[in-house]
Amino acid sequence: MTAKATTSATFEQDVLKADGPVLVDFWAEWCGPCRMVSPVLDQIQSENPEKITVLKLNVDENPDLAMKYQITSIPAMKVFNKGEVEKTIIGAKPKFALEQDLASYLS
């Protein structure tokens, strides 16, 4: 199971109005570290489908959202809950480190 994509058109419904926490992975096709973290996020999603939703947002295709959420380096992950950013994670990390960052959502 791979993380679903969200866009400027679907962001409000997919993320801001979602039930429960949503991790948005801000990424780009050309970003090597983004490609490294992607399968890790897919694993976390498939292992915790009831606890957290993982969505991907391509910053090149959705520059308005990248600007709105002040994405200055990628990969950047933001956890939204009830329409608000609760946590920001910057950079590619191994699975155990991401799980530690997300422990309050995964437990």
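1. For Y69 the relative accessibility is 12%. Before going on: this is a predicted model, where local features need pLDDT of at least 70, side-chain atom pairs count only at pLDDT 80 or more, and totals for chains, interfaces and linings use all residues. Residues are numbered from 1 along each chain as its sequence is written, and side-chain values use heavy atoms, with hydrogens and water left out.

2. On to the rings, which pair if the centres of Phe, Tyr or Trp rings (for Trp, the six-membered one) lie within 6.5 Å; planes under 30 degrees apart are stacked, over 60 edge-to-face, and the rest tilted. That rule gives four aromatic pairs. One of them is F26 with Y69, tilted, at 6.4 Å centre to centre and 50° between the planes. F26 sits in strand β2 and Y69 in the loop between α3 (63-68) and β4, so this pair ties together parts 43 residues apart in sequence. F26 is buried too, at 0% relative accessibility.

3. Y69 also pairs with F80: the ring centres are 5.1 Å apart with the planes at 90°, so this one is edge-to-face. Since Y69 is in the loop between α3 and β4 while F80 is in strand β4, the pair ties together parts eleven residues apart in sequence.

4. Strands β2 (residues 22-27) and β4 (residues 76-81) run antiparallel and are joined by five bridges. Opposite V22 you'll find F80 in β4.

5. Worth a look as well: the charged end of K56 sits over the ring of W27, 5.5 Å from its centre (the criterion is NZ of Lys or CZ of Arg within 6 Å of the ring centre and within 35 degrees of the ring normal).

6. Last, A97 in helix α4 (residues 95-101). A97 is buried at a relative accessible area of 15%. From A97 to P39 is 58 residues in sequence and 14 Å in space, C-alpha to C-alpha.

Definitions and conventions. Helix = DSSP H or I, 4+ residues; strand = E, 2+ residues; numbered from the N terminus. Buried < 20%, exposed > 50% of the residue type's maximum accessible area, 1.4 Å probe, protein only. Pairing = 2+ DSSP bridges.
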